[in-house]
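Visitor: Could you take me through the packing and pairing in this structure?
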Amino acid sequence: MKGAYELPSASPIVRILQITDPHLFATPDGQLLGVPTVKSFQAVLDAIQKEAFDYEIILATGDLVQDHNREAYHRFGQMVKQLKKPLFWIEGNHDLQPQMSNALGIYAQIQPHRHILLSNNWQVVLLDSHVFGKPGGKLSKSQLAWLAETLKNNAERYTLVVLHHNILPTNSAWLDQHSLSNPEQLADVLSDFPNVKAILHGHIHQEVDKKWMDYRVLATPSTCIQFKPNCDKFTLDIKSPGWRELNLMPNGVIKTVVKRLEDACFLPNFSATGY
Ligand SMILES: Nc1ncnc2c1ncn2[C@@H]1O[C@@H]2COP(=O)(O)O[C@H]2[C@H]1O
Ligand SMILES: [Fe+2]
């Protein structure tokens, strides 16, 4: 495990951009259920650059590629260069190691660190919840032990915990079977550290801002297809690709907003029953 990445901030507010689940292909025309994911990702990157939000770091929360292709990781590495800020990533269920680390490791902007110290009062801890060959997630004993150790060593800092898989149900049976399988073990670790403020994830291709015990749970739209909440059978949503802006305030509060491309762009094939 790499040590902490330290980002002393000029501003007391820490600004973070989250992009998630781009499901890129090696080829520019590769499609996921009718959506050309490289093109929708580029449209999101273009829209982000038109915004005034002056983020300091980027979090890419998994499922960076769709087809385990090394070249798709290189496409990700090349495409995010335009954002010109340090980028940190975690694995999703569609990602494959060591191809992912090896490919992303050659880009100076892309950081291998899983612990980020931001300003004087915040930290971000990135967890690997991916289980080889399975769509659902689990936090291993070693990830949980590392989380406990990291929180203990920096207990005075407010903390944002980041992983790929969801903790709370989406009220969609087809998707909820692929949630994090051991949230109670995560809760056990977190319960000793009252400065943990929020848990941020991807995977469910929809916006969430809810409470789980004392923690705020935030999920973010994919940069490609969207899943419709509250549907027991696989159902795609008409909502557009999106991203999230987060402002970590010096008093421990998080101000955050999800933004999307304009309506009715990159609509998927609504008759699809899965992938
Ligand atoms: N029809 C389906 N039923 C159950 N699981 C599915 C279906 N289609 C896709 N999935 C899996 O559910 C996962 C949810 O989001 P992911 O992008 O991680 O990848 C998806 C697939 O692994
Ligand atoms: Fe996923």
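Visitor: What do the buried residues of α2 pack against?
Guide: They pack against α1 (37–50), β6 (87–89) and α3 (99–104), a contact being two C-beta atoms, placed from the backbone, within 7 Å. This is a predicted model: local features need pLDDT of at least 70, side-chain atom pairs count only at pLDDT 80 or more, and totals for chains, interfaces and linings use all residues. Residues are numbered from 1 along each chain as its sequence is written.
Visitor: Which residues of α2 are buried?
Guide: In α2 (residues 70–80), they are A72, Y73, R75, F76 and V80; buried means that 20 or more other C-beta atoms lie within 10 Å of the residue's own. Viewed down the axis of α2, they fall within an arc of 155°, so they line one face of the helix. The arc is taken from the directions from helix axis to C-beta atoms. Helices (H or I, at least four residues) and strands (E, at least two) are DSSP runs, numbered from the N terminus.
Visitor: Turning to strands, in which sense do β14 and β15 pair?
Guide: Residues 242–248 (β14) and 254–260 (β15) pair in the antiparallel sense over 7 bridges; pairing requires at least two DSSP bridges. R244 stands opposite V258 in β15.
Visitor: How many residues lie between β14 and β15?
Guide: The hairpin has 5 residues between its strands, and G252 in the turn has a positive phi of about 95°.

Key:
Chains lettered and ligands numbered in written order. Buried ≥ 20, exposed ≤ 12 C-beta atoms within 10 Å, placed from the backbone.
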